[in-house]
Amino acid sequence: MNCTRRNFLIGGSTTLFLSGFFPKISFASMQKKNLIIISLRGGMDGLTAVPVIGDKRLKKLRKKLILEDVLKLNSDFGLHPKLEIFHQLWKEDKAAFVHATNIPYTGRSHFDGQNLMETGAHIPYKEKTGWLGRGLLASDIVGKGLAISLPMPLLLRGVPQNNNFFPSPDFVETKLIDQIYDEFKGDHNELIKSTLDTIRQRPLSMQIATDSEDRKKLALEAAKQLKDQSGPRVAVFELDGFDTHAAQGGVDGAHADELEEVNEIVKILYENLGKAFDNTLILTLTEFGRTIKQNGGYGTEHGYGSAILMAGGLLKKSQVYTDWPGLKKKELFEGRDLNSTIDSRAVYNSAMSICFNKDPEFLRREVFWGDDLPNLTEELFKI
Amino acid sequence: MSLNFYRRVAFGLSPQDKLPQEPLSWALNQLNSVPDFLWKGSIPTEKELRKKYGEWVYGDREVLRKKFKNDKNAYRQAKDELRIKTGERYFELNEHAIRHYQTKYGAQPVFERFWLFWGNHFAISEKDFLAEFSTGPYQREVIRPNMVKTFEDMVQAVTTSWCMIHHLDNSESVGPNSKRGVESRDTINENHARELLELHTVSPSAGYTQEDVIQLAYIMTGWSHKWSRKTLETGDVWFDQEKHQKGDKIVLGKKYKNDAKRELAKVIHDLATHPICIKFVSTKLCRHFISDEPTEEMINPVIEAWNKSNGNLIEIHKAVITQAFKYNDTSHKFHPPEIWLMQLSRMFDLDIPLSAEKMNYAFKSKPTGRQGQLSWILREIGNSPYRAKQPNGWSDFEVDWVSPELLLRRFWFASVELPILIKSQNRSHGFILRCLKNNFEDHENMASLIHQFRFGTSDKDLGRQYGIICNLPGVLKV
């Protein structure tokens with residue numbers, strides 16, 4: 001922990017210089033910290049997950065989508081009833097929310113938006129690496145990223161030897177892997193070569209034959225890996241289906257089903273990480289929020305500001321961290337969406353700083369091109 | 001020109017295929033007409049399958065849920081019976097068989113590759129029961145016949161198809177000043193309008209604004225399914241004037257006069273012939289056939305052919321193939337898992353899909369494991385074609401298909417599942433050598449890698465041979 005603090009005091013480039021001098025053993029003897037990102041594709045509705053309480057305008061504009069019995073967080077905000085694990089953790093200072101936040105993208109396209117939420121950039125498709133991958137690389141943490149999905153998410157690209165995991169139907173003989181590896185030696189394809197490297201190095205425990213449809217087992221396996229002191233330090237989950245243009249629903253319905261899945265993953269991680277949960281941060285990531293007003297199909301349209309759901313023992317306290325912009329017409333973005341008053345990349349940058357033991361200033365420059373992202377470590381996390 | 005051209009633009013050569021004398025004209029000649037489906041089993045129409053879709057949702061939502069509302073177990077059992085009766089678990093398997101039969105045996109495999117391309121460009125992603133009942137017939141009846149017409153014709157057909165309208169919620173869209181909008185205070189749903197711009201035609205590089213999306217959504221209001229108490233959302237698509245936004249609309253700076261159902265065709269005409277649309281789609285075509293990052297030199301002749309022919313897809317396809325031929329030996333393309341599987345199936349004459357007789361279904365019990373085998377394989381290698389996660393379809397970039405787990409799935413398929421699919425008469429070492437010679441310049445080198453396993457004919461022995469052969473650098477990519 002000390003070294004994190006010193007990083008802050010020393011700052012930027014000196015840190016980079018000094019970090020080389022830290023004897024490896026001092027890092028190894030520290031408790032491993034886990035950063036878990038859950039990607040919510042389609043545009044998560046922050047106002048459904050963490051609704052503002054008693055706003056008459058919201059009630060009027062969302063007649064068919066209003067939640068009757070929200071879980072209470074504080075005098076201003078409630079929580080969707082399907083997010084009950086967050087409510088339980090809230091009472092132990094292990095859940096918190098950032099509200100009215102988003103990446104600096106206002107274009108309302110899923111695919112441009114998802115590209116930017118993963119690259120952290122300003123122009124879609126320009127960057128080929130993810131902010132998390134770059135953060136790992138800048139922190140000299142190689143081979144410690146784990147994706148719980150079939151493809152390697154863009155978010156994790158940019159650092160070599162990430163693993164991914166999705167239970168497969170059967171084993172593959174090690175000998176075959178070695179043979180294919182040999183044949184690729186002379187090939188120019190670096191991506192496949194480095195992926196084959198990862199395959200050869202990965203523990204046998206990751207090759208388990210089981211039912212890949214069962215998300216519970218996936219989260220369970222991820223917890224097992226993360227708990228291992230020498231295992232991955234970063235995990236990425238992928239959920240889609242948040243694009244509820246129709247039949248979004250309130251307490252039940254399409255958006256509620258998706259939130260229930262988030263809840264399930266966090267619950268399994270919490271129950272199975274054991275003590276490691278205290279050294280863990282779980283954060284959600286989405287491309288945008290949704291319109292205030294319900295649309296023709298009792299759903300909502302693509303919007304702007306959303307919320308970040310957070311859980312884990314590295315949180316400072318239970319809070320809804322926000323600079324609330326209000327929901328009056330003139331306070332909305334383009335008169336229709338919840339505004340974003342916090343660049344969500346500041347939250348992710350600060351979270352990486354905590355989990356990777358790096359100065360946030362340093363990461364901001366290395367990962368986000370020096371963009372103006374305030375340091376939120378003291379406000380949000382345990383330093 | 002190397003033999004990999006037959007995999008670049010098609011699925012390689014089967015043991016029965018003759019080596020073409022003129023590879024380029026062999027490929028170009030396949031694009032003039034729409035080949036019939038070869039599948040000998042049942043090929044139900046889109047309308048028939050939509051009727052089944054209706055029976056399924058009506059039966060579940062309106063009958064069973066009410067009847068068994070207090071008995072969860074009885075409900076589950078009745079629902080499973082309804083799945084069987086309506087073919088809810090069957091039709092997608094049959095669609096995969098029709099599709100893979102065509103790519104394995106078709107005499108115009110190059111045409112089939114374009115069929116896969118367009119089906120993915122105008123993708124239907126996983127939503128409701130579309131994959132179970134509707135995406136397959138949409139590919140057959142909406143995408144396929146339009147491949148010898150113009151791009152604009154295809155956009156018109158896709159945009160007003162039941163499948164796309166349901167997929168992107170356009171039935172839910174109501175013009176706020178329309179008769180219905182005034183009565184119910186309902187409003188537009190932007191989903192379909194946004195994807196028509198972003199994915200199907202001009203792409204975000206056209207610089208449209210949120211107001212353009214809204215205005216296009218206004219134009220599209222009224223295009224919806226006919227709803228009835230018995231068929232619910234599965235009625236035919238029609239133009240419902242009562243939902244249509246009145247007044248003129250402006251999209252990308254052009255005014256469209258208040259003209260009811262005729263507005264849509266006009267705006268589609270302008271979008272589908274927009275220079276940025278032409279560039280965007282030409283680039284995607286070159287990306288699919290030539291390289292992840294096609295250069296201007298690769299793309300420009302396709303754009304020229306597009307402009308010269310006014311968007312005639314036959315001419316556009318020919319230009320793409322001509323470019324693929326030109327760059328065959330100097331560019332690399334890593335193929336997604338389904339195309340790789342189709343190539344292995346054709347080159348090695350694998351025993352998939354199941355024969356039409358065995359795919360026959362009596363709607364009396366669950367489909368058998370064998371009937372579900374191909375679909376299961378597709379899912380496990382990560383590329384179940386009618387279940388893209390999002391409306392932008394499956395990625396055409398190598399980086400999205402290379403991960404430890406996705407590569408391991410290919411190793412698994414080739415070494416564990418594929419041997420079971422080698423026909424009994426093809427289990428000799430001589431067979432694999434012949435197939436390699438048909439399809440690869442460096443077949444001798446490949447043969448030497450499996451020489452040590454030449455005497456074995458068990459599944460395990462074959463797994464050792466095919467496991468490595470199918471995952472060599474020159475097989476995973478062309």
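This is a predicted model: local features need pLDDT of at least 70, side-chain atom pairs count only at pLDDT 80 or more; totals for chains, interfaces and linings use all residues.
Visitor: What is the phi of Gln161(A)?
Guide: Most residues other than glycine have a negative phi. Gln161(A) lies in the loop between β5 (145-148) and β6 of chain A; helices (H or I, at least four residues) and strands (E, at least two) are DSSP runs, numbered from the N terminus. Gln161(A) is not a glycine, yet its phi is positive, near 65 degrees.

Visitor: Between which strands does Glu334(A) lie?
Guide: Glu334(A) is another residue with a positive phi, about 50 degrees, although not a glycine. With 13 other C-beta atoms within 10 Å, Glu334(A) is partly exposed. The loop that holds Glu334(A) runs between β12 (320-322) and β13 (342-343) of chain A.

Visitor: Which two residues of chain B does a cis peptide bond join?
Guide: Most peptide bonds are trans. The cis bond in chain B has an omega of about -5 degrees, and its proline is found in the loop between α18 (337-347) and α19 (356-359). The bond joins Ile352(B) and Pro353(B).

Visitor: What is the radius of gyration of chain B?
Guide: Chain B has 25 helices and 4 strands. For its 478 residues the globule rule gives 23 Å; the rule is 2.2 Å times the number of residues to the power 0.38, and the radius is taken over C-alpha atoms. The computed value is close to this, so chain B is as compact as a globular protein of that length, with a radius of gyration of 24 Å.

Visitor: Where does helix α3 of chain B bend?
Guide: α3(B) (residues 46-67) has 22 residues and reaches 30 Å from its first C-alpha to its last, close to the expected 32 Å, a span of 1.5 Å times one less than the number of residues. A bend is the angle between axes fitted to the seven residues ending at a residue and the seven starting there. In α3(B) the angle is about 35 degrees, at Gly59(B).

Visitor: Which helices do the buried residues of α3(B) pack against?
Guide: The buried residues of α3(B) include Leu49(B), Tyr53(B) and Trp56(B). Packing is judged by contact: two residues are in contact if their C-beta atoms, placed from the backbone, lie within 7 Å. The partners, in chain B, are α4 (72-86), α5 (91-105), α7 (130-133), α8 (135-143) and α10 (162-167).

Visitor: Which helix gives the most to the side of chain A that touches chain B?
Guide: The contact takes 41 residues from chain A and 39 residues from chain B. On the side of chain A, α7 (110-119), β6 (163-164), α9 (174-184) and α10 (190-201) each supply at least two residues. The most, 6 residues, comes from α9(A).

Visitor: How far apart are the C-alpha centres of the two domains of chain A?
Guide: The domain bounds come from an automatic or database domain assignment, which gives domain 1 (31-167 + 220-380) and domain 2 (168-209) of chain A. Contact between them involves 7 residues of domain 1 and 8 residues of domain 2. Their C-alpha centres are apart by 32 Å.

Visitor: Is Leu418(B) buried or exposed?
Guide: Leu418(B) is placed in the loop between α21 (404-417) and α22 (429-439) of chain B. Among the residues that Leu418(B) touches are Leu344(B), Tyr466(B) and Cys470(B). With 26 C-beta neighbours inside 10 Å, Leu418(B) counts as buried.

Definitions and conventions: Residues are numbered from 1 along each chain as its sequence is written. Chains are lettered from A and ligands numbered from 1 in the order in which they are written. A residue is buried if 20 or more other C-beta atoms lie within 10 Å of its own, exposed if 12 or fewer, and partly exposed in between; C-beta atoms are placed from the backbone. Lists of a residue's contacts leave out its neighbours within four places in sequence.
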